[in-house]
Each structure stands twice: as structure tokens, then as C-alpha cells.
Amino acid sequence: MVLVNTDFITGKELQTITLVKGSVVQSKHIGRDIAAGFKTIIGGEIKGYTEMLDDARSIATQRMIDDARKHNADAIINVRIETASITDGAVECIAYGTAAKFA
């Protein structure tokens with residue numbers, strides 16, 4: 001599956017199919033949340049939250065790809081990934097784009 005954040009793929013003629021998406025609400029366990037609280041006092045990267053965001057992006061992207069495969073797509077163009085804080089220690093992530101078939 002080809003994923004691009006443009007509305008074209010060089011050298012390919014595309015037929016667009018439909019909007020596809022994948023989403024997840026991800027959280028970290030309480031131990032990581034407590035450690036993150038201490039990190040905010042001294043500063044620096046909060047690795048537990050970085051990992052949480054990476055995991056959420058991966059899951060949402062895979063779900064978007066799975067959705068595109070249901071439509072027999074060869075690619076997803078105009079891919080976008082958005083995140084939002086839901087509550088302390090939890091994030092929503094959505095990946096979306098346009099499923100396309102190579103002509």
C-alpha cells in the first residue's frame with residue numbers, strides 16, 4: 001500500500017475511490033503517568049507519552065490501511081494524521097486520506 005500526503009503519485013494515473021480512516025484512543029498505565037508527572041518538574045522529553053503517541057499513530061494508520069484494502073485500493077493519497085488530548089494521559093489519533101486505485 002502506497003501512502004502519500006500529496007494528491008498525486010509521480011508516474012501513476014489514479015482513480016479515487018473513497019475517504020478511508022482509522023482511529024484509536026490510546027492511554028498509558030498509571031505507572032507511566034506518575035513518572036511523567038515527575039518529568040514535568042525537571043523538564044525534558046516525556047518518553048512514555050512519546051511512545052503513546054507513536055503507538056496511537058501506528059494503530060490509526062494500520063486501521064486506515066485496512067479500511068482502504070476493503071475497497072481494493074492500491075494507495076492512499078492526501079494522508080493526514082491528527083491527534084487530540086482526550087483527558088490526562090489519553091490521546092485520540094485519527095488517520096485519514098483518499099483511497100485510490102492505479103489506472
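Two strands pair if DSSP finds at least two bridges between them; helices (H or I, at least four residues) and strands (E, at least two) are DSSP runs, numbered from the N terminus. The model toured here is predicted: local features need pLDDT of at least 70, side-chain atom pairs count only at pLDDT 80 or more, and totals for chains, interfaces and linings use all residues. Residues are numbered from 1 along each chain as its sequence is written, and side-chain values use heavy atoms, with hydrogens and water left out.

Select β3 and β4. These strands pair in the antiparallel sense over ten bridges, and Thr-83 has Cys-93 in β4 as its bridge partner. In their hairpin, two residues lie between the strands, and Gly-89 takes a positive phi near 85 degrees.

Ile-76 in β3 is the bridge partner of Leu-3. Beyond residues up to four places away in sequence, Ile-76 touches (heavy atoms within 4.5 Å) Met-64, Ala-68 and Gly-97, among others.

Of its 15 residues, Val-20, Met-64, Ala-68 and Ile-76 touch the most other members. The helix α2 (47–70) gives the most to this core, with six residues.

Finally, select Gln-26 in strand β2. Gln-26 is buried at 17% relative accessible area (buried means under 20%, exposed over 50%, partly exposed in between; 1.4 Å probe, protein chains only). Its contacts outside four places in sequence include Met-52, Ile-59 and Gly-89.

Methods. Core = buried A, V, L, I, M, F, W, Y, C linked by side-chain atoms within 4.5 Å.
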